[in-house]
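Here are my notes on the model you sent over. I have kept them as numbered points so that you can follow along with the coordinates open.

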Amino acid sequence: MKETSDMATPPATATTGATPVTNAHLGSLADVSSGAERHLPVVPESPVMEARDLNVFYGGFHAVHDVNLPYGRNEITAMIGPSGCGKSTVLRCLNRMNDLVTSARVEGQVLYHDQDIYAKGVDPIAVRTHIGMVFQKPNPFPKSIYDNIAYGPRVTGMKVDTMDDLVEEALRGAALWDEVKDKLKQSAYGLSGGQQQRLCIARTIATKPDVILMDEPCSALDPIATARVEDLMMTLRDDYTIIVVTHNMQQAARVSDRTAFFTARPDETTGNRTGLLVEFDLTTKIFSNPSDKRTEDYISGRFG
Amino acid sequence: MSIAATTAREVTERLATGRSKDRGVGSMVFLGLLWFSLFFGVVVLLALIVSTVIKGAPRFDGELLTNYTSVVRPETAGFRAGILGSLWLMLFTALLAVPLGIAAALYLQEFADSDRPWNRFVEVNLQNLAAVPSIVYGLLAVAVMALLGFDRTGIVLGGALALALLILPVIIITTREAVRAVPREMRDGSLALGATVWQTTWKQTLPSAIPGIATGTILGLSRAIGEAAPLVVVGLASSVTFDPAGMLSQITALPMQIYSLTSQSREELRQAASAAIIVLLVMVLGLNALAIFIRNKFQRSW
């Protein structure tokens with residue numbers, strides 16, 4: 001964390017989110033180009049999603065304790081914190097991916113447009129078509145680039161005028177079209193790691209979601225590929241609400257509008273570590289003037 | 001002379017002793033034992049094959065494959081009925097066992113909650129089933145055929161049923177391994193796009209697991225092709241003089257013919273049996289080679 005001092009100071013020059021990747025940008029990874037210059041209300045005014053008193057258990061293990069967190073429309077919300085603090089667990093609750101873990105139990109509410117997605121009668125499959133997800137490791141299917149994009153619309157039975165147009169639109173949306181337009185029929189495994197991750201983002205936006213969840217989307221990528229994905233995230237912010245879990249604090253500082261800091265608290269009797277939300281605020285505030293001591297310790301590298 | 005140089009020379013003296021502890025008496029004896037074990041296994045196998053080849057050599061001709069077995073003219077006895085019978089058995093065994101085995105494995109691996117005691121019970125018993133003597137499956141097949149109302153059991157269906165039951169546990173276990181090897185991320189990626197578990201299994205998991213499933217299935221079949229015991233119980237004839245013509249046609253199989261001919265007193269028939277053994281070996285090795293080919297060709301790394 002040698003660049004913490006850079007992060008803590010507000011950016012002098014900030015690129016706008018829509019700036020395409022340029023070589024100049026690649027050379028200045030330390031630039032903080034977050035939504036700092038965006039003037040956002042202190043509290044998200046019309047949250048697209050909101051966690052209310054969210055508790056998650058894996059069997060008898062209490063993984064996340066009482067998380068209350070709103071996610072603002074067309075904002076990037078970063079969830080940061082040390083390993084085992086429950087941030088990925090919270091993320092996976094937001095589109096009910098935790099349903100797939102048989103021992104997982106969720107209490108509390110996750111509101112999506114004021115509808116609790118954990119309410120009775122809510123179809124998790126339908127939830128996931130509105131709330132897409134991008135994973136830590138690029139996970140394209142062992143199919144062609146075209147079929148990777150077309151897979152989501154096909155399985156969900158989406159009404160599509162022409163699939164070719166949808167594929168092109170999704171790939172353009174993920175800033176990948178120019179690189180792959182001549183090899184749409186080739187295997188997605190032939191792409192580089194960064195391209196694969198952008199393909200996964202394209203695949204997600206092809207199903208026209210409202211919210212995109214990203215679980216450490218750049219942790220398997222090199223710095224250049226990371227920069228491109230981050231640029232893409234800031235472009236996507238105009239059309240989608242993005243919630244990102246990251247281990248990389250500089251990344252949170254660079255791209256996010258708001259940051260939620262989680263930590264883990266050991267249980268006094270069992271010693272199991274339960275994750276909880278410590279502080280949630282504008283990213284600029286979190287990284288310059290956090291109100292909680294634990295946040296300050298973490299972002300300054302004294303802990304975690 | 002510097003201290004460093006002195007030390008270096010001392011170390012050299014200590015290290016360069018001119019002998020290696022790996023060449024000590026104990027090590028050499030142990031190595032010898034290992035060599036002997038390897039030698040013993042290979043030599044016995046080689047001797048068996050070579051003696052069979054030598055015995056059967058006079059009979060490696062076209063008639064061996066095209067003629068029926070005849071006691072009247074043993075010098076031109078062939079194994080047409082046995083070879084065709086074995087192939088038919090393989091075909092129907094695969095038709096019975098593969099869909100059942102894959103479906104069972106997919107249920108256990110992708111849908112069943114492995115914490116439930118019932119599923120745990122099934123899993124443990126699958127492992128046990130793979131070790132059940134093949135003759136037991138023959139008896140089971142006879143019982144099933146009787147329940148289904150067939151009065152003759154020495155037919156393609158009866159034999160295939162016995163062999164299918166025999167290799168079903170093998171197919172289930174290898175399919176589960178292949179399905180388990182498909183990374184979690186692949187499923188998550190599909191599910192996160194709004195696919196159902198069923199779509200994910202059918203469109204992502206299963207296609208990715210096919211090379212592994214094919215390998216396991218072929219190895220299972222190559223075990224089944226050499227089995228005689230369950231076929232004896234089912235009541236396959238040791239010799240027929242017509243080609244199989246359907247599921248209900250009476251047949252024989254190569255292992256059955258070999259079994260009956262090796263106990264004959266006439267030299268020509270025993271010779272023919274040796275030649276048939278080689279035919280059977282070639283078929284088994286061919287299947288194994290196919291399995292290895294598929295495994296290497298389609299092996300995927302994630």
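**Notes on the two chains**

1. Let me start with chain A as a whole: 53% of its 304 residues count as buried. Please keep in mind that this is a predicted model. Chain A is built from 12 helices and 10 strands. When contacts between residues at least 6 apart in sequence are considered, 70% of those in chain A join residues at least 24 apart. The chain exposes about 12800 Å², of which carbon and sulfur atoms supply 49%.

2. Next, the largest nonpolar core. It has 67 residues, and Phe79(B), Leu89(B), Leu236(B) and Leu254(B) touch the most other members. Chain A contributes to this core through α5 (145–156), while the elements of chain B that give two or more residues include α4 (80–111), α6 (134–148), α9 (197–225) and α12 (267–298). The largest share comes from α7(B), with 14 residues. Apart from this core lies another, of 48 residues, with Ile149(A), Met163(A), Ile201(A) and Val229(A) among them.

3. Leaving aside neighbours within four places in sequence, Leu254(B) is in contact with Phe79(B), Gly82(B), Ile83(B), Ser86(B), Ala276(B), Val279(B), Leu280(B) and Met283(B). Leu254(B) is also one of the buried residues of α11(B), along with Pro255(B), Met256(B), Gln257(B), Ile258(B), Ser260(B) and Leu261(B). Which elements do the buried residues of α11(B) pack against? They pack against α4, α9, α10 and α12 of chain B.

4. Now for the surface of chain B. A nonpolar patch there has about 1000 Å² of accessible area together, and its members include Phe36(B), Phe39(B), Phe40(B), Leu48(B), Val53(B), Phe60(B) and Leu281(B). Helix α2 (residues 25–56) of chain B gives the most to the patch, with 9 residues. Val53(B) is found in this helix, and it counts as partly exposed because its relative accessibility is 32%. Patch members need over 30% relative accessible area, so at 32% Val53(B) passes that cut-off.

5. Back in chain A, Asp210(A) lies in the loop between α8 (193–206) and β7 (211–215). Not counting residues up to four places away in sequence, Asp210(A) touches Val48(A), Tyr112(A), His113(A), His130(A), Tyr240(A) and Thr241(A). With one of these, Tyr112(A), Asp210(A) makes a polar contact from side chain to side chain, at 2.8 Å.

6. Two backbone angles are worth checking by eye. Lys208(A) is found in the loop between α8 and β7 of chain A and has a positive phi of about 50° although it is not a glycine. Asn74(A) also has a positive phi of about 50° without being a glycine, and it lies in the loop between β2 (61–72) and β3 (76–80) of chain A.

7. Thr77(A) lies in strand β3 of chain A. Thr77(A) is buried, because its relative accessible area is 0%. Beyond its neighbours within four places in sequence, Thr77(A) is in contact with Tyr71(A), Gly72(A), Ile242(A), Ile243(A), Val244(A), Arg258(A) and Phe280(A).

8. Finally, the charged pairs. Side chains of opposite charge can pair when their charged atoms come close. The count comes to 25 salt bridges over all chains. In chain A, Lys181(A) and Asp178(A) meet in one at 3.8 Å, N to O; Lys181(A) is partly exposed at 38% and Asp178(A) is exposed at 60%. Asp281(A) and Lys285(A) form another, at 3.7 Å, with Asp281(A) buried at 14% and Lys285(A) partly exposed at 28%. In chain B, Arg270(B) bridges to Glu267(B), the closest N and O atoms being 3.9 Å apart. Both residues lie in helix α12 of chain B, 3 residues apart, about one turn of the helix. A network of salt bridges also links Arg92(A), Arg184(B) and Asp188(B).

Technical notes. Residues numbered from 1 in each chain as written. Chains lettered and ligands numbered in written order. Predicted model: local features only at pLDDT ≥ 70, side-chain atom pairs only at ≥ 80, totals over all residues. Heavy atoms only, no water. Patch = residues over 30% accessible without salt bridge, like charges linked within 9 Å, V, L, I, M, F, W, Y side chains within 5 Å. Areas by Shrake-Rupley, 256 points an atom, 1.4 Å probe, with all protein chains shown as cover. Salt bridge = Lys/Arg side-chain N within 4 Å of Asp/Glu carboxyl O. Helix = DSSP H or I, 4+ residues; strand = E, 2+ residues; numbered from the N terminus. Buried < 20%, exposed > 50% of the residue type's maximum accessible area, 1.4 Å probe, protein only. Core = buried A, V, L, I, M, F, W, Y, C linked by side-chain atoms within 4.5 Å. Contact = heavy atoms within 4.5 Å. Polar contact = N/O pair within 3.5 Å; in protein donor to acceptor, adjacent residues only side chain to side chain.
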